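Subject: Structure handover

Hi,

Here is the structure I promised to pass on. Please open it first, then read my notes below.

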Amino acid sequence: MHHEALQEALPGDNVGFNVKNVSVKDIKRGYVASDSKNKPATGVQDFHAQVIVLNHPGQVQNGYSPVLDCHTAHIAFKFAEIKQKCDRRTENPKFIKSGDATIVRPEPSKPMCV
């Protein structure tokens with residue numbers, strides 16, 4: 001399975017590739033590869049994410065700024081809006097705490113491709 005040629009990569013596949021005239025030293029963590037002519041990768045202003053609070057000493061509310069690990073990116077973001085708890089009974093809760101699963105709208109502090 002190592003160094004096998006593939007016509008198509010599917011979700012969950014780990015692939016590697018080389019780009020002519022680009023050194024491995026020129027590529028940094030968080031860089032995104034895309035088709036720059038037909039459909040270039042773009043950053044997002046915000047997005048929806050499911051967040052589970054595992055272990056937090058207090059309450060988390062709108063404006064809270066944790067660090068997000070998404071793919072290889074490691075970026076600070078803020079909770080712009082806590083939309084709902086995943087129990088579907090609580091719309092727009094004021095805060096969440098340990099053990100809660102929620103849908104939030106995070107805003108990254110710098111450009112990020114999801």
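A residue counts as buried under 20% relative accessible area, as exposed over 50%, and as partly exposed in between. Tyr64 has 32% relative accessibility, so Tyr64 is partly exposed. Keep in mind that this is a predicted model.

Strand 3 and strand 4 are joined by four bridges and run antiparallel. Cys70 sits opposite Ala73 in strand 4.

**Aromatic rings**

There are two aromatic pairs. One of them is Tyr64 with Phe79, which is tilted: 5.9 Å centre to centre, with 50° between the planes. This pair links distant parts of the chain. Tyr64 lies in the loop between strand 2 (60-61) and strand 3 (67-70), while Phe79 belongs to strand 4 (residues 73-85). The two are 15 residues apart. Phe79 is buried, at a relative accessible area of 4%.

Phe79 also pairs with Phe77. Their ring centres are 5.6 Å apart and their planes stand at 55°, so this pair is tilted too. Phe77 is buried as well, with a relative accessible area of 7%. Tyr64, Phe77 and Phe79 together form one aromatic cluster.

**Salt bridges**

How many salt bridges are there? The count is five.

One of them joins Asp100 and Lys85, at 3.5 Å from N to O. This pair also connects distant parts of the chain. Asp100 is in the loop between strand 5 (95-96) and strand 6 (101-108), Lys85 is in strand 4, and they are 15 residues apart. Are these two buried or exposed? Asp100 is buried, with a relative accessible area of 12%. Lys85 counts as buried at 17%.

Lys83 and Glu81 form another salt bridge, at 3.6 Å from N to O. Both ends are partly exposed: Lys83 at 27% and Glu81 at 22%. Glu107 meets Arg105 at 3.3 Å, N to O. Glu107 is partly exposed, with a relative accessible area of 28%. A network of salt bridges links Asp46, Glu81, Lys83, Arg105 and Glu107.

Best wishes

Methods. Residues numbered from 1 in each chain as written. Predicted model: local features only at pLDDT ≥ 70, side-chain atom pairs only at ≥ 80, totals over all residues. Heavy atoms only, no water. Phe/Tyr/Trp six-rings, centres within 6.5 Å; stacked < 30°, edge-to-face > 60°. Buried < 20%, exposed > 50% of the residue type's maximum accessible area, 1.4 Å probe, protein only. Pairing = 2+ DSSP bridges. Salt bridge = Lys/Arg side-chain N within 4 Å of Asp/Glu carboxyl O.
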